[in-house]
Amino acid sequence: MQEFDRKSPHRGVLNGAQAHAQQSVSRHVIVDHLKDLLEVGQYAKGDTSFLSDENSQPKNLNSEVDFWDTVLHSRPAAGFRVTIETVCITEWLPYSPGQYHTERARRQRLLALRQIDSITDRPDGTKLVEFNPYGKASMVSGGIGSLRLAPKDTGMGLVHFLGASSSGYSYKGFPVAFDANCYDRLESDIRARGYSWGRLVGELRILPSTDDRIQYPRRMPRYYLLASDFTRSAEVDTRPTASAQIIYGTTQSAANRKSWCFTHFKPSRHDSELYAGIEWMEDYARRNSRKAGGDISIISDFDELHNHFADVEFPLRDAVHYKLNMPRLRHYVGTYINIDRLNMENYSVGNVENSTVVIKSSVKGSFNSLPGNLHQAALDAMKKIGEHINENGNMEAAELYEQISEELRREQPRRSIIRSLWTGIKEVLPTVATIIGVAEGMEKLTS
């Protein structure tokens, strides 16, 4: 369920903390989602030194719409100075900056408005709207989604990447980098209520291109503003809105389908609405994935400051530091993202020639580090799997095996992750499933 403000000039703007899900997320949507996640790691590499003369006249922009119209159509160079008279600053950045303002996203939101199941009036003057699953998918493709980052320690000191929006909707806005001095001017507001309204002056920046070890095409440059000045407004406007989104796994078919779920919330000091929305999403995902009381497999989360879910394949915290589950990433991205040159610990993913010694060392090390409290049948199965991988010299199976071992060393191993990794091993090395006792032993770890 979603709310529309009856007085809003744009009917596609969403309010409220309720959510809905999307069935059968397509593979290319998942890949786009992961591309946006990979971009997050580049924030720590952004340029935080000022390029222009601070006395130069900045271009006055009226809104976030003007900001994105300027950067997406004129493509100004780094150092281009702008002023926006009234913006709301929150801890929440757009998950995919600028996407909301593209023509494709606009069409997707219009399509969503034709995919509404019901609209009911509420006593407070808002309308409660429920999209069908296709409408929800269109809204996500239309640019809905926010994330929160921890401060970054750069060569210029501690930098806070926040979100700025003239409308108050974080996913419509743009990222802003505040150094310690500039952040001091709004920190009290952020700590007291979760946001601050004011006048923003800054220089345009573009995040560095993708890490040279992971290559993929960008849909658009990653623009952000390096703040040089912020003046708080005396008058506090209405509370802003952010959006948290997840893609979670279902068990509705053998194809391991994925579904959307997201929630809108009002940022606050204690994140009360966010936690309520997360609780709702978690319950909804369990009900729709037929995992009542069990773990939920989520592709990625949206908050570097707090862990909200127990079972996340690509946590935002890991993405920031490129500590990703590479076998799982390869499973999703296929040829859309090139990760062949990425080094993983003591061996290289990709063009490896007969690396049986490396495989043997990796598998043996993973097996020796398994916790001793595992069921004996599971230990026996892991040993047999490792020996079979060594005999076949299968590097990809070795990577997946190592990921299972790492997961088992967690205080609370995530069964859905182990299940997915085990499925991956069987896909790249089918003969492993024929070994006597392996299936029964692995069932102890995955069920």
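1. A quick term before we start: a residue is buried when its relative accessible area is under 20%, exposed when that area is over 50%, and partly exposed in between, using a 1.4 Å probe and protein chains only. At 2% relative accessibility, Pro94 therefore counts as buried.

2. Please keep in mind that this is a predicted model, in which local features need pLDDT of at least 70, side-chain atom pairs count only at pLDDT 80 or more, and totals for chains, interfaces and linings use all residues. Residues are numbered from 1 along each chain as its sequence is written, and side-chain values use heavy atoms, with hydrogens and water left out.

3. Now the overall picture. The chain has 14 helices and 19 strands; helices (H or I, at least four residues) and strands (E, at least two) are DSSP runs, numbered from the N terminus. Of its 447 residues, 54% count as buried. Taking contact as heavy atoms within 4.5 Å, residues 24 or more positions apart make up 72% of the contacts with a separation of 6 or more.

4. Back to Pro94, which sits in strand 5 (residues 92-94). Leaving aside residues up to four places away in sequence, Pro94 touches Gly145, Ser146, Leu147, Ser170, Tyr171, Gly173, Phe174 and Pro175.

5. Next, helix 13 (residues 415-428) and helix 14 (residues 438-446), which pack at about 150° with their axes 9 Å apart. Axes here are lines fitted to C-alpha atoms, for helices over the stretch in contact, and angles run from 0 to 180 degrees between N-to-C directions. Angles under 35 degrees count as roughly parallel, over 145 as roughly antiparallel, 65 to 115 as roughly perpendicular and the rest as oblique. Helix 13 and helix 14 are therefore roughly antiparallel to each other. Arg415, Ile418, Arg419 and Trp422 in helix 13 meet Val438, Met442, Leu445 and Thr446 in helix 14. By class, this contact has five nonpolar, one polar and two charged residues; Ala, Val, Leu, Ile, Met, Phe, Trp, Tyr, Cys and Pro count as nonpolar, Asp, Glu, Lys and Arg as charged, and the others, Gly among them, as polar. Among the buried residues of helix 13 are Ile418 and Trp422.

6. Helix 1 (residues 27-39) and helix 9 (residues 326-333) also deserve a look: they pack at about 135°, with their axes 9 Å apart, and are therefore oblique to each other. Here Arg27, Ile30, Val31 and Leu34 of helix 1 meet Leu329, His331, Tyr332 and Val333 of helix 9. The residues of this contact divide into six nonpolar, one polar and one charged.

7. For helix 11 (residues 376-392), the 17 residues reach 25 Å from first C-alpha to last, close to the 24 Å expected; the expected span is 1.5 Å times one less than the number of residues. Its buried residues include Ala378, Met382 and Ile389. Gly393 follows helix 11, with a positive phi near 60°.

8. Two non-glycine residues with positive phi are worth checking. Arg75 has phi near 50°, lies in the loop between helix 2 (64-73) and strand 4 (81-90), and is partly exposed at 45% relative accessible area. Asp271 has phi near 55° and lies in the loop between strand 15 (258-265) and helix 7 (272-289), but Asp271 is buried at 6%.

9. Lastly, the cysteines. The structure holds zero disulfides, a disulfide being a pair of cysteine sulfur atoms within 2.5 Å. Cys88 is buried, at 2% relative accessible area, and Cys182 is buried at 1%.
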